[in-house]
Amino acid sequence: MSSTTTPLLDVADVAAGYNGLDILNGLTLQVAPGEIYALLGANGAGKTTTLNLLLGFVRARRGRVRVGGVDPAQDAAAVRRQVAYIPENVALYEHLTARENLDYLLFLAGQPQDAAAVGAALSGAGLDAAAHDRRVAGFSKGMRQKVAIALALARHVPALLLDEPTSGLDPQAAAEFSRLLGLLRARSVAILMVTHDLLGAAEVADRIGFLLAGRLVEEVRASGSDRFDVRALQRHYAAAEVGA
Ligand code: ATP
């Protein structure tokens, strides 16, 4: 992130958690428009809690949280209008087709669109035209994610949050997913993904942060043609896992 770019996602020195117990302890994290940030950390480090904080489901006890300048604790609805959230398992209406799902989800988001725009979003997300009018009940995880990405594309949201997006995807689907994230980055979307997939993150992220016990212990930025030194990343990850 350049120092002149205002972060779209802005978390500064946040303490937050559940039932009076802090899970995030001094977390500072910023993601700029057109940037992909991958947040890694051991189970329980606070990755999903970070997403919940940005979505307004968890409140900061200390520090600053802003999404496009809006505090989710003050106006969660305004924040959610700016954000597409893709959980690990995308929930769709199983008896509806991909096109009907997108149509309905856009309606629920208050942004209904015509058939041409819906079809273009599904195609833009890489879903074969033959699948647009098929019920999603038989869709693979990768196909479901494409419907979710199509929703993000059609809504023109400035921010995308993803929880474990590549877990359970085969290598081809994971590569296709990385391509789609690149497409959203080119549209200046600020993308924050939490993941355990270090190699997948190294493939697509502009920055990788390592979370340990609710705060960032290391942040590495892509540079040069190799982007990241994967072996150094593995050492950072191992250190974050054990708390070294
Ligand atoms: P994982 O990789 O396993 O998904 P994570 O880094 O995403 O882990 P979180 O889901 O943020 O971790 O959880 C951090 C801690 O907060 C865990 O100890 C978890 O048990 C606790 N926690 C999460 N959600 C709640 C909740 N709704 N109520 C109480 N505690 C919670």
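**Salt bridges, domain contact and selected sites**

Arg66 is partly exposed, its relative accessible area being 29%. In this predicted model, Arg66 pairs with Asp71 in a salt bridge whose closest N and O atoms are 3.7 Å apart. The structure as a whole contains 11 salt bridges, and the protein is divided into domain 1 (1-82 + 160-244) and domain 2 (88-156).

**Salt bridges**

- Side chains of opposite charge can pair when their charged atoms come close.
- Asp133 and Arg99 meet through their side chains in a salt bridge, with an N to O distance of 2.9 Å. Because Asp133 is in the loop between helix H5 (129-132) and helix H6 (141-155) while Arg99 is in helix H3 (residues 98-108), this pair ties together parts that are 34 residues apart in sequence.
- Arg99 has a relative accessible area of 26% and is therefore partly exposed.
- Salt bridges with shared partners join Glu35, Arg207 and Glu219 into one network.
- Within this network, the side chains of Glu35 and Arg207 form a salt bridge at 2.7 Å, N to O. Glu35 belongs to the loop between strand E2 (21-31) and strand E3 (36-41), and Arg207 to strand E8 (residues 207-212), so the pair links parts that are 172 residues apart in sequence.

**Contact between the domains**

- The C-alpha centres of domain 1 and domain 2 are 25 Å apart. The contact draws 17 residues from domain 1 and 13 residues from domain 2.
- The size of an interface is often given as the accessible area lost when the parts come together. Here domain 1 and domain 2 bury about 1100 Å² between them, and 60% of that area is on carbon and sulfur atoms.
- How many salt bridges are counted between domain 1 and domain 2? The count is 1 salt bridge.
- Lys146 and Glu176 form a salt bridge in which the closest N and O atoms are 3.7 Å apart.
- There are 6 residue pairs in polar contact across the interface of domain 1 and domain 2, both residues being at pLDDT 80 or more.
- On the side of domain 1 that touches domain 2, the elements giving two or more residues are helix H2 (76-82), strand E6 (159-163) and helix H7 (171-186). The largest share of that side, 7 residues, is supplied by H7.
- Sorted by class, the side of domain 1 that touches domain 2 comprises 8 nonpolar, 2 polar and 7 charged residues.

- Ser178 is located in helix H7. With a relative accessibility of 15%, Ser178 counts as buried, the cut-off being under 20%.
- Apart from its neighbours within four places in sequence, Ser178 is in contact with Glu203 and Val204.
- Asp170 is placed in the loop between E6 and H7. Because its relative accessibility is 45%, Asp170 counts as partly exposed.
- Which backbone nitrogens does the side chain of Asp170 approach? The side chain of Asp170 reaches the backbone nitrogen of Gln172 at 3.0 Å, and a polar atom of that side chain lies 2.7 Å from the backbone nitrogen of Ala173.
- Asp170 and Asn19 are 151 residues apart along the chain, and their C-alpha atoms are separated by 38 Å.

**Helix H1**

- Helix H1 (residues 47-55) is mostly covered, with 8 of its 9 residues buried.
- The buried residues in H1 are Lys47, Thr49, Thr50, Leu51, Asn52, Leu53, Leu54 and Leu55.
- An α-helix has 3.6 residues a turn, so residues three or four places apart point the same way.

Note on methods:
Residues numbered from 1 in each chain as written. Predicted model: local features only at pLDDT ≥ 70, side-chain atom pairs only at ≥ 80, totals over all residues. Heavy atoms only, no water. Buried < 20%, exposed > 50% of the residue type's maximum accessible area, 1.4 Å probe, protein only. Helix = DSSP H or I, 4+ residues; strand = E, 2+ residues; numbered from the N terminus. Domains from an automatic or database assignment. Contact = heavy atoms within 4.5 Å. Buried area = accessible area lost by both parts, 1.4 Å probe. Salt bridge = Lys/Arg side-chain N within 4 Å of Asp/Glu carboxyl O. Polar contact = N/O pair within 3.5 Å; in protein donor to acceptor, adjacent residues only side chain to side chain. Nonpolar A, V, L, I, M, F, W, Y, C, P; charged D, E, K, R; others polar.
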